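Subject: Structure handover

Hello,

The structure is below. My notes on a surface patch and the ligand site follow it.

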Amino acid sequence: MDMTTDLQSALHTRIIENLHTAVLLLDSSLRLEFMNPAGEMLFAVSASRFIGHPAREVLIDRELSAALEQVLASGTPITERELVLNLGYRPKVTVDLTAIPLVDADGREALLVEMKQVDRQLRITREEGLLAQSYATRALVRGLAHEIKNPLGGLRGAAQLLERELNNEELKEYTNIIISEADRLQALMNRMLGPNSLPRKRRINVHEVVERVRQLVNAELSETVTIHRDYDPSIPEIEADADQLIQALLNLVRNAAQAVGERGEITLRTRTLRQYTIGHTLHKLVARIDVIDNGPGIAAEMRESMFLPMVTGRADGTGLGLPIAQSLINLNGGLIEWESRQGHTVFTILLPIEMDLDNRQEKPS
Ligand SMILES: Nc1ncnc2c1ncn2[C@@H]1O[C@H](COP(=O)(O)OP(=O)(O)OP(=O)(O)O)[C@@H](O)[C@H]1O
Ligand SMILES: [Mg+2]
């Protein structure tokens with residue numbers, strides 16, 4: 001009998017110690033009784049150092065500590081999805097959390113807390129969503145634009161022929177309207193179709209692109225809008241089509257400028273990221289260009305759809321800036337990501353850096 005209990009408890013220990021989920025047991029005064037290695041990893045503390053200490057010393061996040069007190073007081077379990085933990089000086093983490101009040105045979109109360117970090121998973125799911133959305137819209141727009149452009153050409157041609165037959169200048173005004181509107185629609189279709197040439201890639205420094213865009217936008221801005229620079233000068237060169245990157249970044253910076261309006265701050269920030277996955281590909285090194293603005297943030301109703309063509313929150317917008325930027329960056333092997341809250345919006349261009357570029361034999365052309 002004892003043998004089996006021992007075996008069982010060894011088995012339980014083995015399971016708990018190897019779980020990916022952080023497991024914490026707190027006593028009735030919310031002191032830490034137990035924390036498994038996944039918990040130590042999540043909070044970057046050693047369990048032995050904190051056993052018997054108030055849980056808030058480990059959890060740090062005030063709201064979480066308050067919520068746990070509430071669970072204990074009410075005796076009702078809670079489940080929170082995508083809870084953002086504020087771990088003081090460390091980067092925030094997002095977890096799915098369950099807290100269950102327990103009462104053992106002696107009536108002793110305790111609290112079992114399980115937390116699973118979901119940041120990485122969230123990011124990858126979201127990125128896959130962004131990529132899939134971009135492919136799907138491009139296919140849709142291509143089909144539609146194709147169907148519109150053909151009859152449009154015929155329409156314009158017929159209007160031109162008709163114009164020649166007309167002697168009455170007043171009637172020619174009508175054919176002129178048909179022709180100019182057909183041209184306008186044609187131009188819109190071409191913009192919606194986006195880049196029609198393959199990228200002409202060469203080795204470039206991302207700051208070549210960023211500085212160019214800064215100068216272009218600076219000329220359009222009022223003096224009360226400032227563009228700050230926060231560059232990492234050590235970023236290795238990337239292989240990309242500079243004109244396409246300029247166009248994409250320009251669209252993002254113009255959006256930022258429109259968001260801040262008459263008065264505001266825009267920051268252009270460059271960094272590298274190590275071991276970063278774009279879509280399904282893990283890259284050793286990725287260049288990251290952030291466009292940060294202190295405008296009002298992205299309106300709630302825009303968030304799901306702003307990368308779709310013709311979706312705009314501005315009276316004079318065509319809603320093509322973001323989908324075009326996304327497809328240009330996709331063509332260069334990268335992705336545009338974003339995050340936004342009131343007063344802080346970041347659009348991020350991620351582009352892979354090919355590490356073996358320097359060792360590659362340059363082909364004589
Ligand atoms: N930095 C930002 N801050 C707040 N909202 C933004 C920001 N960037 C984009 N948006 C929202 O996303 C919408 C779509 O942007 P997008 O660039 O695709 O089109 P647009 O700017 O409206 O028109 P276009 O770029 O074709 O002139 C914008 O209308 C705006 O509502
Ligand atoms: Mg725009």
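L11, I15 and L19 make up a nonpolar surface patch with about 250 Å² of accessible area together (Shrake-Rupley method, 1.4 Å probe; for residues, only the protein chains shown count as cover). Patch residues have over 30% relative accessible area and no salt bridge, and nonpolar side chains are joined within 5 Å; a salt bridge is a side-chain nitrogen of Lys or Arg within 4 Å of a carboxyl oxygen of Asp or Glu.

This is a predicted model: local features need pLDDT of at least 70 and side-chain atom pairs pLDDT 80 or more, while totals for chains, interfaces and linings use all residues. Residues are numbered from 1 along each chain as its sequence is written, chains are lettered from A and ligands numbered from 1 in the order written, and side-chain values use heavy atoms, without hydrogens and water.

Ligand 1 is surrounded by 22 residues, the closest being N255, D293, T312, G313 and T318 (a heavy atom within 4 Å). Oxygen atoms of ligand 1 make polar contacts (N or O pairs within 3.5 Å): a polar side-chain atom of R314 lies at 3.0 Å, and a backbone N or O atom of L320 at 2.9 Å. The protein buries 89% of the 590 Å² that ligand 1 exposes when taken alone.

Helix 9 (242-260), helix 10 (321-331) and strand 12 (344-352) each give two or more residues to this shell; helix 9 has the largest share, with 4 residues. Helices (H or I, at least four residues) and strands (E, at least two) are DSSP runs, numbered from the N terminus.

Regards

Notes. Patches are made of residues with over 30% relative accessible area and no salt bridge: like charges are joined within 9 Å, nonpolar side chains (Val, Leu, Ile, Met, Phe, Trp, Tyr) within 5 Å. A polar contact is a pair of N or O atoms within 3.5 Å; within protein, one must be able to donate a hydrogen and the other to accept it, and residues adjacent in sequence count only if both atoms are side-chain atoms.
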